[in-house]
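Subject: Handing over the model

Dear colleague,

Please find the structure below, followed by an account of what was found in it. I would be glad if you could read the two side by side.

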Amino acid sequence: MNIIIAGDGKVGSMLTKALSGEGHDLTLIDSNPAALESTIERYDVMSVQGNCASMEVLRNAGVQSADLLITATGKDEVNLLTCLTAHGMNPNLHTIARIRTPDYVETAYAMRRQFALSLTVNPERQTAREIDRLLRYPGFLKRDKFANGMIEIVELRVDDNSPLRDQPLYQMSSVTKCQVLVCAVVRDGRTTIPSGDFILREGDRIFVTASANNLTVLLNSIGLITTKVRSVIIAGGGRIAFYLTTLLLREGIAVKIIEQDRERCEELAEKLDGATIVQGDISKQSVLESEHIEDADAIIALTGLDELNVILSIYANHMKVPQVITKLGRGENMELLEKLPIGSVVSPKELCFNTIIRYVRAMKDTSGAAVTVHSIADGQAEAIEFIVDQDTKHCGEKLRDIRLKKNVLLASITHGRQIEFPNGESMFHPGDRIVVVSGEKFPIQQLNDIFQN
Amino acid sequence: MNYKMMIRIHAWLLILEVAFMIPALVISLYTGDGAAISGFAWTMVIALGTSALMFLLTRHAEHKFYAREGMVTTGMAWITLSLVGCLPFFISGRIPNFIDAFFEIVSGFTTTGASICPDVEALGKGILYWRSFSHWVGGMGILVFYLAIAPADGKNDGSTLHILRAESPGPSVNKMVPRMRDTASILYKLYIVLTVLDIIFLLIGKMPVFDAFCIAYGTAGTGGFSVLNSGCATYTPFAQNVTTVFMLLFGVNFSLYYLMILKHVSQALHDEELKLYLTIVFTSIVLIAINVFGRTADTSGLEPTIRHSAFQVASIITTTGYSTVDFDQWPNFSKAILICLMFVGACAGSTGGGIKVSRVLLLWRNLRRNMHSIFHPNEVRVVKMNGSRVDEQTLKNVSGYLAAYVFIVIITFLLVSADPGNFDLTTNFSAVMATFNNIGPGLSKVGPTCNFSIYDNFSTFVLSIAMLLGRLEIFPILAIMSPSTYKRG
């Protein structure tokens, strides 16, 4: 497909890497020539310099023959205008706009037809929801849901006192007292798709497929005590903090936001009734002490500086705060951070990326296309949900007779409301939803890609 | 530096070169030219053996590639290709001196067309074909060809851009479509179509089939090796005019043809470089025609005057170097115009050499701006081309290019003037201009009826390097000569 990406920033370049690798022809638009230059030197794509909302620039980028436009510039207004203009020039164009300002959230939904938006993504709101989900089950570092929320893949760390330590995977279910399946393990920065005799070690991060109903059982059985979060301290009063606080207040959780900028504090205080807004520099020890962060049930580091977030989380962990969540904006060199005690990591860029990739893959081929895509294990593996249809090979055959590609694993099969964690006897039929985990570099575009020829 | 990947690309290029030699070998077999057959056969064996060895050594090459590697690979590749490409001349014994053989093939690949052979007809058809075909290969560039057919395993990176930029001429080289492979194959498709058209027209012009192919290769690559000792003088006027038109066509930026195919014809025709190029061509033709009319035996009538003036102007500005007459006999004003055209050269993104029309245009506009700012220091002006602003970095690069260009002309001129033959200034200077700008014939003792065999080995070698510097626009060759390139870190 011909895809135009407007805005060569963090999300833009992550999309460029993935989409160009999947064989799409990309054209990038940005007003900064230096950013474009560095991108075209790394990826096989074309670039057009200029304002992406101008018709001339869009024309130069080949909007007439494009299939999809993704706008991810820093300005929501520009993103909206670009989608509107481009769609006017090519009515068959699909458009995806990134909208992050809370003021426009309603606009993007109510006016989606007028602005010709096929999809809007709001990374900050997505991140807020993700954090909210993590707060419900402290102990999971990351949660991704599949099959309409019936199945989740959760990330856990194997600690020195964990009952999972030194256990082979085939013993897993007897420890956890519920049906689960480990679909990926990150050890020393490298991801493995494990087999049954894989033995877990201390420090491993494991990705476990489980039924959403069994998450509490799973946590209790492996000794991660679930205390309900009652009070949260948020460092940094940006957009994520705003969205998150709205969600948390609704659930009756006490929120304290520490923000440096006086005006922003006043703005937040005006909009967020019930939250405590404190003005202060979170990088100062005195502020941390005077706000008693050790008393909070959870600390969420959401400032605009990744370094500060990491330091803050390490400090919070040191102060024995039960749950720590760190936002990382850039999300590079993740393997360096893996060893640090920074709790759960959320990356708005990655969430936004997952949503867009899912849309692109679904666009490409409606038959056998992915329903849900989540990148897991620091982007080294992907968990993809498919619906089995008539064209799927090997329907009704036992799994032991089917040869899958290397580093590919069937994580779950759902027949209606019934969830199965596959073994050699399992089989799938048209209509089932299956979740596949792949640790390979090549993308799994459709379900039949997972089988050996 | 990623040496493994660089060697791997070389291995591919050697295979390509062998493939390109096959037609010449077939012609040698057909004409029963034993020496040429052994020349080509041994070269192929050597090239394939080296290539196989290179593949074996670099089985796990990583694909990471940066600007430095792109430059050095391109520079190295051209030298390697020339070293292998000259072997048929040398092994067959047709050009017994190795430096001379190297000069001849460098002249071929860089589309210069300067020859050290006093009697080209004695080279044999197979060798002649290879000599002319080297123009065609070098015109668009063998690395661009490699990019068009390269294995797709590394399709996820933009590092190939550095290769395109190092090999294609012009101040700002960019892709026409998102994929490098598609860009390169569009370029080659246009190139092939235009070449085939040229061959057809030449055949209509009653040119012998072998000559038509060879002359078309020389025209397409803007090279200039002819297959007759008399150059293009004995072909029919129609064939000469066809060659004039096609030389001019191959001197145009190829991305304009692509724009025309996309039906943006008016945008292509309003290109400022194209307009300036055509203006220079027509003005020069008119001035030379007026100047030479009635002065020599060839230019007594009106039609031959215009035909020869047009042919010579097209031949020199596109840096082809074919000749229909001995323009060394022309009046000095005409010769001066031709020397000026040697500087200017063809358009960026074409197969021609020289400084390039777009650089001249940018230099002129930048100069005018600088002049203006002396009198109005506070006025802010930007340099524009085709309606959009040219960024300061490009202008700096163009000025830097001119500086490098001038220094190389001076140094080469000094080195060549030290030749024991003690030739006159015109000979030496025009020899440097004709080789460095990839034209071919110069004036006086290296004029269209003479050749470069007068120089000794050292001068021949210097001129060979000058040709490579000219074709690759200086920096790739400078990069491989500079010690800092090989420093770690």
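**Loops with a positive phi**

A:Asn148 is found in the loop of chain A that runs between β7 (142-146) and β8 (151-157), where helices (H or I, at least four residues) and strands (E, at least two) are DSSP runs numbered from the N terminus. This is a predicted model, in which local features need pLDDT of at least 70 and side-chain atom pairs count only at pLDDT 80 or more, while totals for chains, interfaces and linings use all residues. Residues are numbered from 1 along each chain as its sequence is written, and chains are lettered from A and ligands numbered from 1 in the order in which they are written.

The phi of A:Asn148 is near 55°, which is a positive value in a residue other than glycine. A:Asn148 is exposed, because 12 other C-beta atoms lie within 10 Å; by the rule used, a residue is buried if 20 or more other C-beta atoms lie within 10 Å of its own, exposed if 12 or fewer, and partly exposed in between, with C-beta atoms placed from the backbone. In chain B, B:Ile474 also has a positive phi, of about 70°, although it is not a glycine, and its place is in the loop between α20 (457-471) and α21 (475-481) of chain B. B:Ile474 counts as partly exposed, because it has 18 C-beta neighbours inside 10 Å.

A further loop residue is A:Arg400, which lies between β19 (381-387) and β20 (408-415) of chain A.

The secondary structure of chain A comes to 14 helices and 22 strands, and 45% of its 453 residues count as buried. A compact globule of 453 residues would have a radius of gyration near 22 Å, so the 23 Å of chain A agrees with that expectation; the radius is taken over C-alpha atoms, and the globule rule is 2.2 Å times the number of residues to the power 0.38. The C-alpha trace of chain A spans about 65 × 65 × 40 Å along its principal axes.

Chain A holds an open sheet of six strands with parallel pairing, in the order β14-β13-β12-β15-β16-β17, where two strands pair if DSSP finds at least two bridges between them. At the edges stand β14 (276-279) and β17 (344-346) of chain A, each with a single partner strand, so one side of each is left without a neighbour in the sheet. From one strand to the next the twist averages 20°. Helix α10 (residues 262-271) of chain A packs on this sheet and touches β13 (254-259) and β14 of chain A, and its direction makes about 175° with that of β14(A); residues are in contact if their C-beta atoms, placed from the backbone, lie within 7 Å, and axes are lines fitted to C-alpha atoms, for helices over the stretch in contact, with angles from 0 to 180 degrees between N-to-C directions.

How many bridges join β12(A) to β15(A)? Four bridges link strand β12 (residues 231-235) to strand β15 (residues 298-301) of chain A, and the two run parallel; the bridge partner of A:Ala235 in β15(A) is A:Ala301. Strand β15(A) is also joined by four bridges to the parallel strand β16 (residues 323-327) of chain A, in which A:Thr326 is the bridge partner of A:Ala301. Both faces of β15(A) are covered, with A:Ala298 and A:Ile300 buried on one side and A:Ile299 and A:Ala301 buried on the other.

**Helices of chain B**

Helix α14 (residues 272-292) and helix α17 (residues 357-375) of chain B pack at an angle of about 100°, with their axes 9 Å apart. They are therefore roughly perpendicular to each other, a label given to angles of 65 to 115 degrees, whereas those under 35 count as roughly parallel, those over 145 as roughly antiparallel and the rest as oblique. In this packing B:Glu272, B:Glu273, B:Leu276 and B:Tyr277 of α14(B) meet B:Val357, B:Ser358 and B:Leu361 of α17(B).

In helix α12 (residues 254-261) of chain B, B:Phe254, B:Ser255 and B:Leu256 are buried, and what covers the buried residues of α12(B) includes α9 (180-204), α13 (265-269) and α14 of chain B.

Terms used:
Two residues are in contact if their C-beta atoms, placed from the backbone, lie within 7 Å.
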